[in-house]
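Let's take a walk through a protein fold together, one piece at a time. Keep the picture open beside you as you read.

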Amino acid sequence: MRGQMMNFPLTIPSILEHAAANTPDQEIVSVEADGSRTRLNFADLALCAARAGRFMLDLGIAPGARVATLAWNTHRHLALYYAVPGIGAVCHTINPRLDPKTIVHIAAEAGDVALFFDADFLDLARALRDQVPSLRHFVLLGGADAHPVADWPDLLHFDDAVAVAPPLSAWPAVAEDQASGLCYTSGTTGNPKGVLYSHRSTVLHALVCGLPGNLNIRETDAVVPVVPMFHVNAWGLPYLCMLAGARLVLPRNRLDGASLAALFNEEGVTLSVGVPTIWLGLAEFMRASGTTLPRLERLMVGGAALSRNLIAHFEERHGIEILQGWGMTETSPVCTIGTLRPAEAALPQGEKAALKLRQGRPLYGVRLKIADGTEAPGLTPGELLVHGAWIASGYYNRDGSDFQSRWLATGDIAQIEPGNRLLLTDRAKDLIKSGGEWISSAWLEELAMQVDGVESAAAIAVPDATWGERPMLIVKTEVGAAVTDSAIVAHLSGSLAKWQVPRRIVFVDAFPLGATGKILKTELRRRHGASA
Ligand code: ADP
């Protein structure tokens with residue numbers, strides 16, 4: 001027997017309508033290129049999105065068309081997050097840190113018809129105009145007064161266009177399973193592939209991530225998505241914060257420690273999310289300047305493993321709770337969050353920290369299992385498979401990539417521990433195979449980062465005539481710290497077999513970072529991988 005409840009499509013405009021009706025005066029703070037901060041509220045944002053929607057319909061942008069953005073975390077980008085799916089089109093957020101050839105390839109494959117871009121990306125926009133035939137409309141995210149571009153007569157300016165466009169009186173009806181967004185994987189382990197999110201998957205992801213047992217986002221929170229809005233929908237926060245009525249503080253691309261600390265303190269930020277590299281930079285700034293962050297309550301770390309030294313700095317020294325999440329572009333991205341259960345929260349700090357170094361437990365709506373295993377927890381690592389309400393069932397425009405109703409193979413090596421807690425031990429491509437035995441690069445890195453003065457570490461495999469591969473460790477120390485390779489080797493030898501201990505340790509001032517701020521192991525292998 002069918003239930004008799006109404007059908008209420010879970011769509012992105014429904015979030016905007018809810019936010020504008022319930023918390024119209026909630027503030028959005030958006031950092032501009034000159035460092036000033038624009039302030040608007042949810043009602044203003046809804047109006048801006050409704051005008052932008054009208055402007056795009058008048059340009060002839062049809063339902064299903066891909067509309068690209070090359071933009072930082074700003075209120076203009078936020079308006080597009082709602083307006084593009086609002087008119088039934090697909091918001092294709094492009095990562096400007098990818099190399100220009102890849103960006104051209106991605107925009108052409110997506111068949112983007114319009115590009116909205118920040119002034120910083122004017123040259124890139126010109127390259128796209130010249131090389132991507134499907135692109136017909138170019139809109140600079142700003143006004144013509146501030147950003148005149150004399151040699152591009154048909155270039156449009158967002159602020160001016162939106163100021164004169166009458167707002168849509170209602171959003172056109174869209175079905176909840178329609179495509180709402182497109183994001184390409186950053187290609188750290190292969191060619192970028194497009195992931196096509198739907199309205200429904202986006203709404204469900206936001207709803208579940210915000211629950212009290214997960215990110216617990218409330219109207220009293222002020223939230224900074226440090227994770228870029230061009231990367232997996234900024235982990236859903238632009239939708240989640242407006243759904244929850246939380247204050248949204250958008251940092252543009254000012255993500256260095258000093259800028260973030262000032263923004264957090266001046267805006268009373270309570271929660272922020274981003275990759276570990278960002279938090280290491282903030283920690284370094286806090287140590288060097290003596291700055292504290294009294295209003296910040298919690299940080300979420302994802303995209304790469306949380307390290308012991310981040311827990312020590314933020315949680316143990318400064319009382320800022322730190323949570324780890326795991327996910328990938330194909331999974332919207334959040335699949336697990338490492339909140340502790342009440343009994344676990346009462347454990348001694350050392351045991352709590354050990355649990356927090358795990359990647360967390362799956363959210364409602366996501367199932368995990370290990371390849372060839374069952375969904376029951378076990379201790380044998382293998383490839384992690386995932387299935388759920390916001391997991392891709394195939395890649396955009398790729399024949400034969402359809403994994404509908406099956407499981408998505410993540411390329412991560414993991415085990416599911418008792419308590420249903422995920423522990424990632426490696427990426428399949430980062431595993432080190434020495435003398436026929438696997439060595440986990442994640443474990444080597446975690447051990448190295450336990451040594452006082454080590455800020456971050458990366459382990460790679462280097463070819464070896466006898467062993468096939470041997471591990472090499474590349475280390476960045478904290479500013480002013482004097483760490484020796486023998487101290488690291490001594491510490492590693494306490495937990496590893498002799499053959500697992502790297503023979504060489506290389507010290508570097510900085511790591512090569514990929515387009516999403518993660519350590520780029522492909523580049524480390526190129527630079528250091530000749531021999532152990
Ligand atoms: P790319 O795969 O192109 O780097 P993604 O941002 O989709 O882009 O990266 C997803 C990958 O990041 C995961 O498959 C995993 O290897 C890694 N990752 C994400 N979160 C964590 C985490 N908490 N700990 C360790 N690795 C993580």
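Start with helix 4, which spans residues 100–110 and lies across strand 3, strand 4 and strand 8. Its direction makes an angle of about 155° with strand 8. Bear in mind as you look that this is a predicted model.

Which residues of helix 4 are buried? They are Thr 102, Ile 103, Val 104, Ile 106, Ala 107, Glu 109 and Ala 110.

Helix 5 covers residues 122–131, and it packs against helix 4 at an angle of about 50°, the two axes being 10 Å apart. Helix 4 is therefore oblique to helix 5, because the angle falls in neither the roughly parallel range (under 35 degrees) nor the roughly perpendicular one (65 to 115). The two helices make a right-handed crossing. On the helix 4 side, the meeting residues are Pro 100, Ile 103, Val 104 and Ala 107, while helix 5 brings Leu 124, Leu 128 and Gln 131. Sorted by class, this contact holds 6 nonpolar residues and 1 polar one, with no charged residues.

How many strands does the open sheet have? There are 7, in the order 7-6-5-3-4-8-9, and their pairing is mixed. Strand 7 (156–157) and strand 9 (194–198) are the edge strands, each pairing on one side only. Further in, strand 5 (residues 114–117) pairs with strand 6 (residues 137–140) in the parallel sense, over 4 bridges.

Finally, visit Arg 54, which lies in helix 2 (residues 42–59). Arg 54 has 27% relative accessibility, so it counts as partly exposed. Beyond its neighbours within four places in sequence, Arg 54 is in contact with Ala 165, Pro 166 and Leu 168. Arg 54 and Ile 87 are 33 residues apart in sequence, and their C-alpha atoms are 8.5 Å apart in space.

Technical notes
Residues are numbered from 1 along each chain as its sequence is written. This is a predicted model: local features need pLDDT of at least 70, side-chain atom pairs count only at pLDDT 80 or more; totals for chains, interfaces and linings use all residues. Side-chain values use heavy atoms; hydrogens and water are left out. Two strands pair if DSSP finds at least two bridges between them. Contact means heavy atoms within 4.5 Å. Axes are lines fitted to C-alpha atoms, for helices over the stretch in contact, and angles run from 0 to 180 degrees between N-to-C directions. Angles under 35 degrees count as roughly parallel, over 145 as roughly antiparallel, 65 to 115 as roughly perpendicular and the rest as oblique. A crossing is left-handed if the near helix is turned anticlockwise from the far one by less than a right angle, and right-handed if clockwise. Ala, Val, Leu, Ile, Met, Phe, Trp, Tyr, Cys and Pro count as nonpolar, Asp, Glu, Lys and Arg as charged, and the others, Gly among them, as polar. Buried means under 20% relative accessible area, exposed over 50%, partly exposed in between (1.4 Å probe, protein chains only).
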